[in-house]
Amino acid sequence: MTQPLAVELADAAATENLGRRLATILTAGDLVVLIGGLGAGKTTLTRGLGDGLRVRGPVTSPTFVISRRHPSLAEGPALVHVDAYRIGSAGEMDDLDLDVDDAVTVIEWGTGLVEHLADSRLEVCITVTEDSRVATLTGYGPRWTGINVATYI
Ligand SMILES: Nc1ncnc2c1ncn2[C@@H]1O[C@H](COP(=O)(O)OP(=O)(O)OP(=O)(O)O)[C@@H](O)[C@H]1O
Ligand SMILES: [Mg+2]
């Protein structure tokens, strides 16, 4: 586990910007788990990530389709955006047949459902208080060992 990195998100543009900066470190095979309550900013961050990765948009809330693939408009990896809100078990998650090796995979509401999909993951936890939002980034597994996320953000 990496040292958690806290980033303040002053407004929606800042949330999107964090996603854009995260795109500079992510490559195919990376799994990002977005944690945070209803309306915390998970999809907003994913939109910035999609922009940074230069994938085909628009990135919107995928609630009714569960998983949406955004192909790269450049040479980079595709973005797979999953909303696991309606998924009840890790087994149901497996039924989606996600190929995490082949894309940057971002999952909303995936806690407890997706950790087995890859040996590493980056968790982004957005906490909302009355007057501020903070994203806390923590890497788990060999992919993130020795990587100081703060140097990229
Ligand atoms: N840092 C921020 N400060 C204030 N508003 C923000 C911030 N980040 C995002 N928002 C706004 O919060 C609202 C909800 O954002 P978003 O849809 O991204 O949340 P979500 O976590 O994906 O929600 P859901 O739980 O429904 O999936 C949007 O109106 C967005 O513009
Ligand atoms: Mg959302």
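This is a predicted model: local features need pLDDT of at least 70, side-chain atom pairs count only at pLDDT 80 or more; totals for chains, interfaces and linings use all residues.
Local features need pLDDT of at least 70 and side-chain atom pairs count only at pLDDT 80 or more, while totals for chains, interfaces and linings use all residues. Residues are numbered from 1 along each chain as its sequence is written, and chains are lettered from A and ligands numbered from 1 in the order in which they are written.

Start with the whole chain in cartoon view. The chain has 3 helices and 7 strands, defined as DSSP runs numbered from the N terminus (helices H or I, at least four residues; strands E, at least two). Along the sequence they follow the pattern β-α-β-α-β-β-α-β-β-β. The C-alpha atoms fill a box of roughly 40 × 30 × 30 Å along the principal axes.

Now pick strand 4 (residues 78-83) and strand 5 (residues 103-108), which pair in the parallel sense over 6 bridges. Ala78 stands opposite Ala103 in strand 5.

Finally, select ligand 1. Of the 16 residues around ligand 1, Leu9, Gly41, Lys42, Thr43 and Thr44 come nearest; a residue counts as near if its C-beta atom, placed from the backbone, lies within 6 Å. Helix 1 (12-22) and helix 2 (42-53) are the elements that give two or more residues to this shell.

How values were computed
Two strands pair if DSSP finds at least two bridges between them.
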